[in-house]
Number of protein chains: 2
Amino acid sequence: MIRRRRSKLIRIGNVTIGGDAPIRVQSMTKTDTRNIKDTIRQIKELESCDCEIVRIAVPDTEAVAAIPKIKKATSLPIIADIHFDYRLALAALQTGVDGLRLNPGNIRDQEQITRIIQSAKERQIPIRVGVNAGSLPSIQNSNTSIIERMVKTALDYTKSLESLDFNLIKVSLKAFDVPSTIAAYQMIAERIPYPLHVGITEAGLPKTGSIRSAVGTGILLYQGIGDTIRVSLSTHPCEEVAVAYEILKSLDIRQHGPILLSCPSCGRAEVDIISLAQAVEKQLSGIREPIKVAVMGCVVNGPGEAKDADVGIACGRGKGAIFKKGRVVSTVTAGNFLEALMKEIFELIRKNGKL
Amino acid sequence: MIRRRRSKLIRIGNVTIGGDAPIRVQSMTKTDTRNIKDTIRQIKELESCDCEIVRIAVPDTEAVAAIPKIKKATSLPIIADIHFDYRLALAALQTGVDGLRLNPGNIRDQEQITRIIQSAKERQIPIRVGVNAGSLPSIQNSNTSIIERMVKTALDYTKSLESLDFNLIKVSLKAFDVPSTIAAYQMIAERIPYPLHVGITEAGLPKTGSIRSAVGTGILLYQGIGDTIRVSLSTHPCEEVAVAYEILKSLDIRQHGPILLSCPSCGRAEVDIISLAQAVEKQLSGIREPIKVAVMGCVVNGPGEAKDADVGIACGRGKGAIFKKGRVVSTVTAGNFLEALMKEIFELIRKNGKL
């Protein structure tokens, strides 16, 4: 039901973005880039949680010097995040980095931009024009809305890159305010052919930030806008990746591990459905198969939802019916709910050959 | 930027829904309704977390008998959730309940419906036509999509209520699948004038379920669809309420307590911004003032975002600038970030007279 916006395909290292490529999940290391050991360890963690592209901050020449060792330790594409100093961009390009993020708010000199683009073009390295509401260039007309300012900043910068015959471009326009972010992306989506990197900036701590990110990027993705997603949360980057995948999963855009449907419980429930759901979630935690599991507490929606899942349980008074692919395969008593359900789940996964 | 769908205004007890009323946050007790003490305690908890309407399951006559005592203990409107047995609906109406939820999947006999509606009409008690993908009535044509089946079920039921000259109606069409839920609500939104209760059913445990709920209801609310929201999570109902408010807050639809913007941190940060954000969140936890606080880690977006918040801190190497309403009010050293920031926050709240 989602009609994805058509965008130009680009490559960051060996990962495609835009066109018909999957919507890519990316994140950013939070270690001091100059601390090579810590940074590599965090990138390894990002590999294990299926992050597809990693950005690292490159605030000085010591951070630039760390890039070759970091690159050597991972097969994930590495993007250098550059602000203020164009020489860091030039130096990062020389290290063989897979992509650059430039901020139009703080690298603005045309000659500096030209030098970066010449080097990026030689190496065919894409550049993200990364606009952020918190670091927009100052303008004369203070009546211009934040949305228009973001879009204008991105368009002007993109044009200056195009004027240098460079089109390996990706664009982002992030704000904390969700309606502004959406409006800005909608405007730019119609004006440029490049892939868009979507996200809500500085969304906060995981509990509130994941909701804000889900609302903001969910609305954009539903409108077909977005070729790669980065969820920005004040927490470990693997949590950002997990939230990004959950957003994509809820729109049926990508699969990533199990989906657990469970009823909220109510005064009708005759078993402790919340504890059962928690136990199932825990047991599913290492599983990568995109299996849909339903844990249901009563006869109202229980059989319907359990039937619709790959494996499900519909509980009643001290008893539960286990469903597999739409059929009841057994009836179990209260003490055996978890064991019986997990048995069927593991059996199905084994059969699918992914365990 | 959101143009809300026009809907008929109804009243559940003393709470308006639809029309120009705020989008109401509701939840459901998870205690055994027959356990009056536990149920009242949970409703009191729901009062304290700003839940505006409470639904309780009424699965038998003992649960019906509990309603008067429950009603007496709270000023929140109480909705009786009825399935299968129309006599429970009649009995619940006699107890003075504020609203009913009927499931068109399991109370279908026209004479039974007529008797419920006659009684509801006498008392002017609204009824939610609560369609759920897991409990749809069976149909002949198995080619019909789940979306069409949900919409048809709701429309048919609504028509049967209207034919009895009853229009105190609210409608919901919930599925676990987000695109289906959205499509169903979009279809019904154009066909009926009644307020819509939105939610993603059985969304699961808090971490994944809040993301799925945020994506699903966020998209609907952004399209102007939804007059009341219930987030269904396998957890304490106050957590459902908190998630619902966060969804509404991210779209600037309602205010509810502080908003904490914080940077995700990266290799550029020179202070532990994640710990600082966590400490600020903790100290803000009891506060009801809709104050916007920014906790930022570096000079890229820090000053911009801190300036835009009510109170903010933009940290740098061992120092931080505290902003209040767009102006730097002090510069503090690393050990004093939290204290200095909270001082300004509390001062602003006191000035606004809400503490």
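## The second largest pocket

In this predicted model, the lining of the second largest pocket is made up, by class, of eight nonpolar, seven polar and ten charged residues. The space that lies in the second largest pocket comes to about 520 Å³. Its lining counts 25 residues, of which A:F176, A:D177, B:K292, B:E305 and B:D308 are the closest to the pocket's centre.

## Helices α5 and α6 of chain A

The crossing in which α5(A) passes α6(A) is right-handed.

On the side of α5(A), the contact is made by A:I146, A:I147, A:M150, A:V151, A:A154 and A:L155, while α6(A) contributes A:S180, A:A183, A:A184, A:M187 and A:I188. Sorted by class, the residues of the contact of α5(A) with α6(A) are ten nonpolar and one polar, with no charged residue.

## Helices α7 and α8 of chain A

Further along chain A, helix α7 (residues 206-222) and helix α8 (residues 237-250) have axes that come within 10 Å and cross at roughly 40°. The helices α7(A) and α8(A) are therefore oblique to each other, and α7(A) passes α8(A) in a right-handed crossing.

The residues that make this contact are A:P206, A:S210, A:S213, A:A214, A:T217, A:G218 and A:L221 from α7(A), together with A:E239, A:V243, A:I247 and A:L248 from α8(A). By class, the contact of α7(A) with α8(A) holds six nonpolar, four polar and one charged residues.

## Helices α7 and α8 of chain B

In chain B, helix α7 (residues 206-222) and helix α8 (residues 237-250) pack with their axes 10 Å apart, at an angle of about 40°. That angle makes α7(B) oblique to α8(B), and the crossing in which α7(B) passes α8(B) is right-handed.

Where the two helices meet, α7(B) brings B:P206, B:S210, B:S213, B:A214, B:T217, B:G218 and B:L221, and α8(B) brings B:E239, B:V243, B:I247 and B:L248. The contact of α7(B) with α8(B) divides by class into six nonpolar, four polar and one charged residues.

Definitions and conventions. Residues numbered from 1 in each chain as written. Chains lettered and ligands numbered in written order. Predicted model: local features only at pLDDT ≥ 70, side-chain atom pairs only at ≥ 80, totals over all residues. Heavy atoms only, no water. 1 Å grid on protein atoms, 1.4 Å probe; cavity = no way out; pocket = protein on both sides within 12 Å on 5 of 7 lines; lining within 4 Å. Points joined across faces, edges and corners; volume = space filled by probe spheres on them. Nonpolar A, V, L, I, M, F, W, Y, C, P; charged D, E, K, R; others polar. Axes fitted to C-alpha atoms, helices over the stretch in contact; angles between N-to-C directions. Helix = DSSP H or I, 4+ residues; strand = E, 2+ residues; numbered from the N terminus. Parallel < 35°, antiparallel > 145°, perpendicular 65-115°, else oblique. Left-handed = near helix turned anticlockwise from the far one by under 90°. Contact = heavy atoms within 4.5 Å.
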